[in-house]
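Work through the exercises below with the model open. Each task is followed by its solution.

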Amino acid sequence: MKITVIHGQSHKGSTYNIAKQLCDKLNGEVTEFFLPKDFDCFCKGCAACFVTSETKCPDYEKLKPITDAIDEADVLILTSPVYVMHSTGAMKALLDHYGYRFMVHRPEEKMFKKQAVCISTAAGAGMKSTIKDMADSTFFWGIAKTYKLGVAVMETKWENVKPEIKAKIDKKTTSLAKKISNGVGKIKPDIKTKGFFSIMAMMQKNGFNPADADYWKAKGWTSGKRPWKN
């Protein structure tokens with residue numbers, strides 16, 4: 001099992017430790033990235049990825065190691081502590097660069113057989129909205145199954161988190177690891193993803209953006225083929 005973890009910050013606090021605990025239980029080959037250390041670029045808004053090719057993005061070469069790791073992974077883990085009720089700016093800046101991979105544009109077919117986990121912690125509230133910031137992308141990328149794990153740790157330092165809270169986290173990561181392990185190589189998108197994909201396929205038959213329309217036609221998706229059946 002190959003696991004790619006993208007951390008929304010470089011600090012190894014509660015969010016990091018929960019992700020590490022999950023990875024240890026999955027016992028796979030782990031590749032990690034820490035933002036903004038490993039990617040610190042903001043989207044320039046040039047739209048080159050949409051209208052021409054993602055290779056024309058000004059940040060393409062710097063982004064490529066992360067893109068390759070995402071594509072090679074069986075499981076993708078995105079983590080972010082709550083920053084003012086949302087994900088970190090570094091995580092948002094990264095995800096902005098993958099807008100071209102949304103199903104409305106040019107989704108990568110490997111995504112439809114992957115699992116993802118979005119993890120967030122806070123001393124108080126905000127995990128739901130933070131996880132949504134990340135899970136919106138995993139859904140629109142077409143990832144077959146996204147698990148969500150939000151925890152109110154009630155502390156700013158992992159070493160100070162109460163034993164009873166850590167015990168609950170341990171149970172959750174054990175259960176989650178089992179579900180993920182059972183799904184590797186077997187997972188397929190749910191009806192919501194399949195339905196949205198089908199709508200996009202109809203739209204792309206006469207797509208307004210040639211780069212997208214040509215991509216869908218070349219994949220055979222506008223004539224009935226589906227990426228999760230390959």
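**Exercise 1.** Which residue in S5 stands opposite Ala122?

*Solution.* Ala122 faces Ala152 in S5. The model is predicted: local features need pLDDT of at least 70, side-chain atom pairs count only at pLDDT 80 or more, and totals for chains, interfaces and linings use all residues. Numbering runs from 1 along each chain as its sequence is written, and side-chain values use heavy atoms, without hydrogens and water. Strand S4 (residues 115–122) and S5 pair in the parallel sense over eight bridges. Pairing takes at least two bridges found by DSSP. Strands (E, at least two residues) and helices (H or I, at least four) are DSSP runs, numbered from the N terminus.

**Exercise 2.** Place the strands in their sheet, then find what packs on the sheet.

*Solution.* The open sheet has five strands in the order S2-S1-S3-S4-S5, paired in parallel. S2 (29–34) and S5 (145–152) are the edges; each has a single partner strand, so one side of each lacks a neighbour in the sheet. Neighbouring strands are turned by 15° against each other on average, direction ignored. Helix H5 (residues 127–141) packs on the sheet and touches S3 (75–79), S4 and S5. Contact means heavy atoms within 4.5 Å. The direction of H5 makes about 165° with that of S4. Axes are lines fitted to C-alpha atoms, for helices over the stretch in contact; angles between N-to-C directions run from 0 to 180 degrees.

**Exercise 3.** At what angle do the axes of H7 and H8 cross?

*Solution.* The axes of H7 (residues 191–204) and H8 (residues 210–219) cross at roughly 115° and come within 9 Å. That makes H7 roughly perpendicular to H8 (65 to 115 degrees).

Note on methods: Parallel < 35°, antiparallel > 145°, perpendicular 65-115°, else oblique.
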